[in-house]
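Here is a short report on the structure shown below. It covers nonpolar cores, an annotated site and a chain contact.

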Amino acid sequence: MDELLQEFLTETGENLDTVDRELVRFEQDPNDRDILRNIFRLVHTVKGTCGFIGLPRLEALTHAAESVIGQFRDGATVNSIAVTAILETIDRIKDILAELAEKGQEPEGNDETLIGELFALAEYAKGELKQQPSAPDSVLDPVAAYLARHGQVAASPASVEDVVFRSAPGPQRGRDGRIEGNETGAATEEAQSPSRSGGPATLRVNVDTIEHLMTMVSELVLTRNQLLEVARRQEDAGLKAPLQRLSLITAELQDGVMKTRMQPIGNAWSKLPRIVRDLSAELGKRIELLTDGAETELDRQILDLIKDPLIHMVRNCADHAIELPADRREAGKPDHGTIRLAAYHEGGSVTISIADDGRGLDIDRIRRKAVAKGLATEAELEKLSDAQISRFIFHPGFSTADNVTAVSGRGVGMDVVKANVDSIGGTVDVASRPGLGTTIIIKIPLTLAIISALIVVAGEDRYAIPQIAVRELVRAKAGDENRIEEINGAPVLRLRGRLLPIVSLPGLMACPGGEQARRADGEGFIVVTQIGERQFGILVDSVFHTEEIVVKPMSSKLRHIHLFSGNTILGDGTVVLIVDPNGVARLVGAAASENTENEPRETAAEVHRGERTTMLVFRAGAGNLQALPLSLVTRLEEIEAGEFQRSGSRTLLHYRDRLVPVTPVADTRLRSEGIQPLVIVSNGDLTVALAVEAIVDIVEDSFELEMAAAGERGIIGSAMIRGRATDILDLAHYLPLNEPGWFAAGRSAEPSGRILLVEPSDFLRDMLTPVLKASGRIIAALADFSAASLAAAGEPIMSALLDLDRDSDAAFAFATALRERAKGERLRILGLTTCATPDLHMRAAQAGFDDILAKFDRRALLSELNAAGTDLRHAA
Amino acid sequence: MSSSASPPPVPTAPGFGDSLDYVTIRVGEQLLGLPIGRVQDVFIANRITIVPRAPDEIVGLLNLRGRIVTAICLRKRLGRPVTLKLDGQGRPELTAIGIDHDGEAYALIVDAVGEVIRLDRSTFEPLPVHLDRVWAALATGIHRLADELLVVLDLDAVLDLDLRSAA
C-alpha cells in the first residue's frame, strides 16, 4: 500500500480515538474551551489530510463535523444530540478507514443524510448564536427533524431557561457528592495538558524496528552475562573495569530500549469513555467513568493483551454492577454510578484496579451457582470465606447474570479475563462489599521480554522461576521449625503456623514413570510461590541466584507443556526452561490423575487408567487401612460408646429416630467407653453404622484395584492410596443382605428388573454392583460394549447404565442399538459420567438416553432406577 | 541469529535445472538426502537441555550461537531405536542439521553427515509402494546411486510431529 496512505491511516486512527474520548469529556464539561479547541484542531487535521490525499468522502464528512464543532467553539450550546451526531460521524469515518486500509481506496457510499444532519445542526447552532443576546425562539426545524428520526417527540422550542440551563456547567450531573470526582478530573487534565500543547518532539518508528532492536539488546544482555561469567573465573584486573562499564551501558541500553516499547496505559483506555457513554444510554443508567494514572507505562505487548479484558470488565461493571438510577436512589446512593479505573506502578509490576460503587457481588447467588455447576459441594463452600467464594466468578462459563443482555452475561467473561491475565504471568483478584461495590485488581508484569528469575536446580538440570511469582525462599531442615512433613504421602511445610502444600520440582521434571525418590530427610529449599490466593511451595534441590533473563518463547512443538512459559540462555550458554508457576499449580491440581496415567506404562496389560474417586480412608483395627468411596457414605459420626444398645449378638444404635445396627469393620473392636467413630451408610431405607477405629483422611485420586482372593471377606480388593496399600471395603458384606426381613419392609415390593451395567473400570463396577444388588436388583455388570451387546441379546433388560467417560461414541452406538431392539418396550437408558457437559447431554439425548447421572451420585442413581420401576408398574 | 542472517550461497530451489543438490546423512546404514536449500547449518552439539514431558521425538533444546533450537531425533522419527553416542567425557555427542521451519529453528539429530552431492534428475524415482508407512509419509522419492539408494526426505513432513498418527 501507498506509504503515505499507511501513515495517514495510523495517524488518523489515533486522532479519531482522541476525538472520541475528548468529545465525551467535553459533553460533560462544555465549558472547557481547551478540550474544544483540541477537538477542533484534531478534526481539522483529519480533514486537511483527507483533502491532501484525495479522499472526497472522508473530507466531506469531516468538514460537516468540523462545522458543527466550529459552532460549539464559537459558543453555541453543546447538547447530546449534536454530540451523538458527531460521534456517529466518527464511527462512519472509522468504517471508511477500515475499508480503506483493506482495499487501498475509499469505498462507495452515500453520506448525504448524515452530512445534511450535521449541517442542519450547525445552522441551528449558528442561529442560536446570533439570537443568543436576544430571544432564542429560532427556527428549530432541523433539530425537530433529527428528533423525529430518532423517535423522540420534539418538544416545544427551547425556552430561554432551557438554553441557559444547558450552558450552565453540567447542572444535571449535579455537584452533590461529586467533589472528589471533579478533583481527580481536574488532576488528570493538568497532567495531560502539557502533552496536548505541542508535547515533546516525537518520531514515529516502525514496531518491527523496535522489536528487532529489542532482540539485539536481549542478545547483548546474554553476551554480557556470558562475559561476566568468564570474568568471575579469571582474576584479571585489566578486564574488570571495562567489563563493569559494559555492564552498566548494557543495562542502560536495555532500559532505554524497553522504554521505547512502553506506552501509557491510557492508550488501552481510550475507547472506554465512549463505550461507557453508549452503554449508559443503552441501559438507561447514569454512569461516570473516572480514570487515574493513565500515564502509567506498560510494554506494548502487554498493553495489547489487556486491552480487551479491560473493556470487558468495564462493560461488566456498567451492565451488572451499576444499578438503575431509581434503585440507586432507594439504596441512598447518588443517581449516577461511578466506575473508577486506576493504574499505578508497584514494585516491578503494574496494578490496575477497576472499582464500581454498584451493588456488589451476590455471594449467595455465586454459592448456589457454584453448587449447581458442580464446582464445589455445599460442605466445601461452607468452609470458604466470602472472598474465596467470589473468586468462583473466574471459573469458565460462570455467569451470575439472570438475563443475558446484548452487553454481557453470556458466561464468557471473567474467565476469559483471567485466562488473558494468567497468560502474561499476572494475577486477578476481586473484592466486593454487598451494596457498596466491587473492585477487581489486576497485577501484571511491566514487560514480558526480560524478567528477573530465580535460578534453581532440580536433579541435574537448572530451571528459572519468574521472580514475580516468588514470595520467599525457605530452607527446610529436619527437626527445624520449618520442616517438611507428610500427610499420607503428600508433603507439606509448616510455615509460620500455616501448612503449605509442597510440590517437588525434581519429581515434576522426572521422566514419566520414574517417581523420583522423595527426600526422606525432610530437607531442601522451598520456593514459596503465590498464584492468586493460592500459595504453594516448590521443593528444589538447590538455589543459585537471581538473574535477568531474556524470555524466549517455547518452540511451537513444546507449547502444549503448561509447565513452562518459555526458555532462555544463561550466562554459561546453557538453555534453561522457565517454569510457569501457573502451570505447576494447574498440574498439581491434576497431579494425582497424571501420576496414574504414567504408572500403567510399566505394567501395561492388565491395568487401565483409573477414574478419580473420592475415598474415605479409615483404620479398621491392627493398623489395617481400609477405604470406601465417599459417595457411598451418608455421614460420619462420633458417638459416645455408652449410647450403644446391645441386643443379643447385635449392637444397635438409636440414630435419628431409628434403630441402626452397628457393625465393626474388620478387626475393629467396638469401644465400650469413650468416643466411637462411625461411618453411617444408608441405602434407601436401610442404614448401617460401620464402626471403625479412626477416620484417617479423605483422598481424591484414581486407583488401581487389585482384586482380593476369593477367601477374603469384607473387602473387594486393595489399592494404593497415597502410596499405602489400602483395602477397599465391600459394602455388600456389611449390608445385612442375609436378613431380608430386617429391611425388606422399606423396599419396593418387586425388583425393577434386570439391569445392565457397562462400566470399564473394575473398581467402579465392583462398587456399584453391591449397591444395586443391595436394593434387590438383578444385575449384569460388564466391562465393555462388545460383551454388553452379547449380554443384551439374551434376556430382556429393564434398565441400562452405560459409562460415557471411556468411549462415549461406543456408548451412544450401543444405546441406539438397545433402543432399536427394545422396539418401544419400556427401557431406561442412563448414562454415567464424571464430567457432564451440555454437549454430552445433547448427544446422549440424541442417542436415546433417558438421562445422565454423575457417576458417584448414588442417590440419584437409585431414585432414577426406582422411577424406572414405578414406570414399569404403572405400565403393567 | 547468525544462521538466519547468512542465506545459503547458491540459488537453492531444488529441481532447478536437471540436477538436484542434497546434503547426505545417515541413519543406521541408510543413506538419506536433505534438499540443500533447507539446510542452514551442520553442527555438533554436546550440551542439550532435556524438556520434561516433551514428545518422544524431541531430544531437547540446543543453544546454537545464541539461538534456542529444538532438537528432533530423526532416528525416532523414522521409527528406529535410539542409540546415544558419547564423547570422551561421557557427554552426548549429537550431530545436528540446522533447519528453519515456519520461522522457528530446529535441529535434526542424525547419526552422521556425509558430503553434499549433486544428482541428476533422471535417477529420481517415486517411492516403492510397499515402503513402510512411516517412511512413506516422510520421504518424497528415491535416487538410484551407483552402489546404493538415497532416500530423499520431506523436511516439512519430518518436522510436522502431528504426522505421527501415520505411524
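## Nonpolar cores

Which residues have the most contacts inside the largest nonpolar core? In this predicted model, they are Ala71(B), Leu108(B) and Ile109(B). The core has 90 residues. Strand β8 of chain A, residues 450-458, supplies the largest share, with 7 residues. Two domains of chain A, domain 2 (209-261) and domain 4 (450-589), both contribute residues, so the core lies between them.

Ile109(B) touches Val59(B), Ala71(B), Ile72(B), Cys73(B), Leu74(B), Leu94(B), Thr95(B) and Ala96(B), with residues up to four places away in sequence not counted. Another core, of 38 residues, lies apart from the largest one. Its members include Val314(A), Leu341(A), Ala343(A) and Ile442(A).

## The annotated aspartate

An unreviewed UniProt entry lists Asp803(A) under "modified residue: 4-aspartylphosphate". Asp803(A) is in strand β33 of chain A, residues 799-803.

Is Asp803(A) buried or exposed? It counts as buried, because it has 25 C-beta neighbours inside 10 Å and the cut-off for buried is 20 or more. Neighbours within four places in sequence aside, Asp803(A) is in contact with Val758(A), Glu759(A), Pro760(A), Ala811(A) and Leu832(A).

## Where chain B meets chain A

Contacts join 18 residues of chain B to 19 residues of chain A. On the chain B side, β4 (58-64) and β5 (67-73) are the elements that give two or more residues. The largest share comes from β4(B), with 4 residues. By type, the chain B side divides into 11 nonpolar, 4 polar and 3 charged residues.

Notes:
Residues are numbered from 1 along each chain as its sequence is written. Chains are lettered from A and ligands numbered from 1 in the order in which they are written. This is a predicted model: local features need pLDDT of at least 70, side-chain atom pairs count only at pLDDT 80 or more; totals for chains, interfaces and linings use all residues. A nonpolar core is a set of buried Ala, Val, Leu, Ile, Met, Phe, Trp, Tyr and Cys residues joined through C-beta atoms within 7 Å. A residue is buried if 20 or more other C-beta atoms lie within 10 Å of its own, exposed if 12 or fewer, and partly exposed in between; C-beta atoms are placed from the backbone. Domain bounds come from an automatic or database domain assignment. Two residues are in contact if their C-beta atoms, placed from the backbone, lie within 7 Å. UniProt positions are given in the numbering used here, feature names are shortened, and annotations may be inferred rather than shown by experiment. Ala, Val, Leu, Ile, Met, Phe, Trp, Tyr, Cys and Pro count as nonpolar, Asp, Glu, Lys and Arg as charged, and the others, Gly among them, as polar.
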